[in-house]
Amino acid sequence: MNNINKVLICLAVDMGFTIGAVAQDKILNPDISYAGTPRDCVIGGINVSGVEGYEDYVLSGISGLSVGQHVTVPGTEISDAVKRYWRHGLFSQVKIAADSLVGDKIYLHIYLKVRPRVSQINYIGLKKSEREDMEKKLGLLKGSQVTPNMLDRAKILAKKYFEDKGFKNADIQIREREDVAAKNQVILDIDIDKKEKMKVHQIFIEGNDHLSDGRIKGGLFRKGAFSKTHEAGKLSTFLKSKKYTPERWEKDKQNLIDKYNELGYRDATILGDSVWNYDDKHVDIKVKVDEGKKYYIRNITWVGNTVYTTDYLSAVLGMKKGDVYNQKLLHKRLSEDDDAVGNLYWNNGYLFYNLDPVEVNVVGDSIDLEMRIYEGQQAHINHVRINGNDKLYDNVIRRELRTKPGDLFSKDALQRSARELASMGHFDPEKVNPDVKPNYEDGTVDINWDLVQKSNDQVELSLGWGQTGVIARVGLKLNNFSMRNLFNKNKEHRGIMPIGDGEVLSIGAQTNGTYYQSYNINYSTNWFGGKRPIQFNVGAYYSKQTDVSSTYYNSAYMQNYYSYMYGYGSSYYGNSYENYYDPDKYIQMFGVSIGWGKRLRWPDDYFTLSLQLAYQRYMLRNWSYFLMTNGNANNINFNITLSRNSTDNQLFPRRGSEFTASVTLTPPWSKFDGKDYSKLALNSRSATYEAEMQEKYRWVEYHKWKFKARTFTALTSGQKCFVLMTRVELGLLGDYNKYKKSPFETFYVGGDGMSGYSSGYSEETIGLRGYDNGSVSYSPTTGYYAYAYDRFTLELRYPFLLGNTTIYGLAFLEGGNAWYDTKNFNPFSMKRSAGLGVRIYLPMVGLMGIDWGYGFDKVWNGTSYSKGGSQFHFILGQEF
């Protein structure tokens, strides 16, 4: 009404003016006083000005006035028209005046000024992620018109957004300033000062006679009723969040009641609670409870069960007369646990099953429960639809499913299918969730798999610099390869690349031109033939490493001599390895392997049995870095591996375990070749020493035993949660003849677990963080040859980002050791370490990371024994 009172409808009629015979005269810009006598007029015309881009009839239509309409001047019709414009919200100024008065006809002029539009929005005081969240939350868009209501709403939403995040005192200011570069447009500056997060100073609890304050609040290693709200500044909450938000507090009030219900206090209620500011950074909380009495179970009866007997259901439930009436345990035993009553039905096709536990009688502190079951009919799977896939052949996905049309519905089969799809590596494992559609009319169920594809092929192009010059590496790994499409056209062929069958083809090369060359190719499939889960793999590799000539060492010696004696020489004698290439000093390695595997059905179908036959040939010439310097060594071995993998995610497992037990055997050549190895290669100064060494290791023999196990335990139930990983690893390399111990396939323990081209050609590399590469297995007397090792790991992980790109941090405790003599094996003699790390998975690169570890125990450092100390380790690829 203030705006209306400011509007003057100016009619050229003085106070007390009367209309006579001259009423037909035209009066321009008449004036009117609201103190005068109202009169009836007819609108002769309406003119609208001040707004561009709209037709006059649209703007005049908002007023509700029309030509020929009878109005009272002054009167409510004009006032109501002004109100309509203000209610519309798009105008910052509204004025209705009379251009002229002709007889009883009045010609109106509506003056409007449109509100400005937003040309730019600036968020001040926010991080990028917060800014993106605010843009979605506030809904402010460029080009929208600025209204007071819109700004007030944005301020309220921003305030609530930060309150929910614990910034209760956040100050939000929204300022408009004219955009000089655009007509009738403004720039919005949203200035946010979050202040400090509000934390809980103290929690006051009243009425808790049976549940102590400590049990409600929790401690450092004790879970309390309050899982979200904890007091700041206390050792007992050091590892817990102290942030206060209304949402957290509401959840914890319900958690408190749930805790009482869990302990049998069925009638527990919260009588009242209050929150007030202790200071600018803290709040105090007070809650008053009425615990009620503690209840016990008196009788449990079952009604409606025909599939399973009452005795069997009672045994599965595991709750009996005299037990505390624990409502949380009751719910878990009925529906949540893997062996819950509900799963008996859901895993046997009874999708429409329902169980309602009813308290039929309450006497004193005793309760009678009646389990009312509706079993319904068994549901068969009707349609199974796969959405979101355009890279894999449909049958490649369907063969992994345990839910097929015509089968009885099973919750276990549904969960196992989700696990198998997530483990394929072609889809985002965080978004593999089945959409189950029951059809009550015909007793069937449809299952829709809405999958989100991710790229998992990997390309590697890298350059590095070493003592021998530039080192280049090229690698390509196709995880969706199709061998059949490589040789013939498939009717469902997808694009140019031979892809679609989910097979793996990897090709790699590493070289610096002269000193080192390495090439490898591998092919594998988990469904050889496409019909059964038969694994097949074949691979081959070749590498050659060359040494420097003796000229290098001579020149290096003379250079150091002249530098020491005369202070020069570094520019005269070259000291780069690449200038002293010697083709007569090298080691060449060639290997091929072929493997077969099968998924087992016993003890369960998580088990896999794998067999592999491999051949390696080592060709050495004047190679002084190994036990034998000249000659050829051959290694034919057969490997048997029994493995089990039940993890729920390839990249960030939260639950499940994996283990492998393997043995690798070579033929016992020394048992039937008739040679006396106790007399071969005893004297390194003998003229026949090299020939005897070549004869001794012409055919390598050994038996190698390994065991690896990892478990994953989620510490909370959320998607983003702390996960505890434990690892146990043991290895033993044995011999058939004590005089012919294998120098090949020994263990190289310590460091990041990655072997470069300069070492590792005859060893298996085992990581142990906190120590230099190979330092744990090294001894001044025996070198790097370790014939037994162990490793134990305790690792706490937390994900920062999950999806196509996965990032998680970790903290670890690790211990292990290596022994030359297997008789000295002692799992309690460990080289210990601790540290922190991070892992990043990028679709086109794979998994990589960096760890910092500190080794607490002494190892050989080249001149003496010293602690492993502070070490950084770079990690590439997934380690078991």
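Hi everyone, let's start with serine 543: leaving aside residues up to four places away in sequence, serine 543 touches Gln517, Ser518, Ile587, Gln588 and Met589. Please keep in mind that this is a predicted model. You'll find serine 543 in strand E22, which covers residues 534–548. Is serine 543 buried or exposed? Its relative accessibility is 6%, so serine 543 counts as buried, given that the cut-off for buried is under 20%.

Now, please turn to the sheet. Here we have 3 strands in an open sheet, ordered E15-E17-E16, with mixed pairing. Which strands sit at the edges? Those are E15, residues 380–387, and E16, residues 434–439, each of which pairs on one side only. From one strand to the next, the twist averages 20°.

Let's look at one of those pairings.

Last stop, the surface. Val459, Leu461, Val474, Leu476, Met844 and Val845 make up a nonpolar patch there, and together they have about 520 Å² of accessible area. Strands E18 (458–466) and E19 (469–481) each supply at least two residues of this patch. Leucine 476, for example, lies in E19. Leucine 476 has 36% relative accessibility, so it counts as partly exposed.

Thanks, everyone!

Notes. Residues numbered from 1 in each chain as written. Predicted model: local features only at pLDDT ≥ 70, side-chain atom pairs only at ≥ 80, totals over all residues. Heavy atoms only, no water. Pairing = 2+ DSSP bridges. Helix = DSSP H or I, 4+ residues; strand = E, 2+ residues; numbered from the N terminus. Axes fitted to C-alpha atoms, helices over the stretch in contact; angles between N-to-C directions. Buried < 20%, exposed > 50% of the residue type's maximum accessible area, 1.4 Å probe, protein only. Contact = heavy atoms within 4.5 Å. Patch = residues over 30% accessible without salt bridge, like charges linked within 9 Å, V, L, I, M, F, W, Y side chains within 5 Å. Areas by Shrake-Rupley, 256 points an atom, 1.4 Å probe, with all protein chains shown as cover. Salt bridge = Lys/Arg side-chain N within 4 Å of Asp/Glu carboxyl O.
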